[in-house]
Number of protein chains: 2
Amino acid sequence: MSVLVWIIYDITENKLRSKVSKECKKAGLIRVQKSVFLGKLEWNRFDELGEKCRDIIDKDTDSLYIFPFCQEDFRQIKVLGQGFDKKLVNDEILAKFF
Amino acid sequence: MSVLVWIIYDITENKLRSKVSKECKKAGLIRVQKSVFLGKLEWNRFDELGEKCRDIIDKDTDSLYIFPFCQEDFRQIKVLGQGFDKKLVNDEILAKFF
């Protein structure tokens with residue numbers, strides 16, 4: 001069973017931030033903003049990615065959210081302003097998910 | 001019908017950021033991080049808040065996400081590190097939602 005996922009983080013140190021973004025890419029997620037990824041994961045990969053991120057971030061300074069969505073909720077998400085960075089996201093990518 | 005909601009934003013100008021946080025509070029949402037709110041809304045208030053935020057933010061520089069969740073997805077959300085700012089969120093608040 002797969003799940004639609006958004007990951008949003010606020011990570012102070014460049015090195016750790018870059019490590020998290022690499023893990024997101026490795027999991028097949030797509031960057032839609034500087035610190036925001038989006039994609040589809042199997043549920044077991046969802047937990048796995050959570051554990052990896054937990055190990056990477058500095059828990060005293062950083063925050064990271066992993067949001068899972070069923071199709072129905074996913075369609076109701078509101079992305080305002082530059083939520084999708086036009087330099088990162090094109091219509092082809094959006095068509096995959098919306 | 002009500003829906004569980006997370007709002008996360010990245011707003012450059014202090015004045016606009018403060019306006020959005022006021023709208024979130026007015027809608028009954030609870031601040032859990034500097035730029036993150038959480039709560040329960042009726043569906044019509046969900047759309048309404050979206051419109052208000054859209055009117056406030058600078059669409060060329062700011063980003064704002066409104067994520068709706070059914071109970072089932074909500075329970076699977078992963079909040080890592082300082083995702084809940086301890087200065088803002090206590091056990092009583094968390095017990096309301098989790």
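In this predicted model, a salt bridge joins the side chains of B:Lys78 and A:Asp47, with a nitrogen-to-oxygen distance of 3.0 Å. The interface between chain B and chain A holds 2 salt bridges by the rule applied, and 14 residue pairs are counted in polar contact between the two chains, with both partners at pLDDT 80 or more. On the side of chain B that touches chain A, the elements contributing two or more residues are β1 (2-10), α2 (43-56), β4 (63-69) and β5 (78-81) of chain B, and the greatest contribution comes from β4(B), which gives 7 residues. By residue class, this side of chain B consists of 17 nonpolar, 8 polar and 7 charged residues.

The extent of the interface can be described both by residues and by area. In terms of residues, 32 from chain B are in contact with 32 from chain A, while the area buried between the two chains amounts to about 2800 Å², of which 64% lies on carbon and sulfur atoms. Of the area that chain B buries against chain A, 28% is supplied by B:Tyr65, B:Lys78 and B:Leu80, a share that exceeds that of any other three residues.

Technical notes:
Residues numbered from 1 in each chain as written. Chains lettered and ligands numbered in written order. Predicted model: local features only at pLDDT ≥ 70, side-chain atom pairs only at ≥ 80, totals over all residues. Heavy atoms only, no water. Contact = heavy atoms within 4.5 Å. Buried area = accessible area lost by both parts, 1.4 Å probe. Salt bridge = Lys/Arg side-chain N within 4 Å of Asp/Glu carboxyl O. Polar contact = N/O pair within 3.5 Å; in protein donor to acceptor, adjacent residues only side chain to side chain. Helix = DSSP H or I, 4+ residues; strand = E, 2+ residues; numbered from the N terminus. Nonpolar A, V, L, I, M, F, W, Y, C, P; charged D, E, K, R; others polar.
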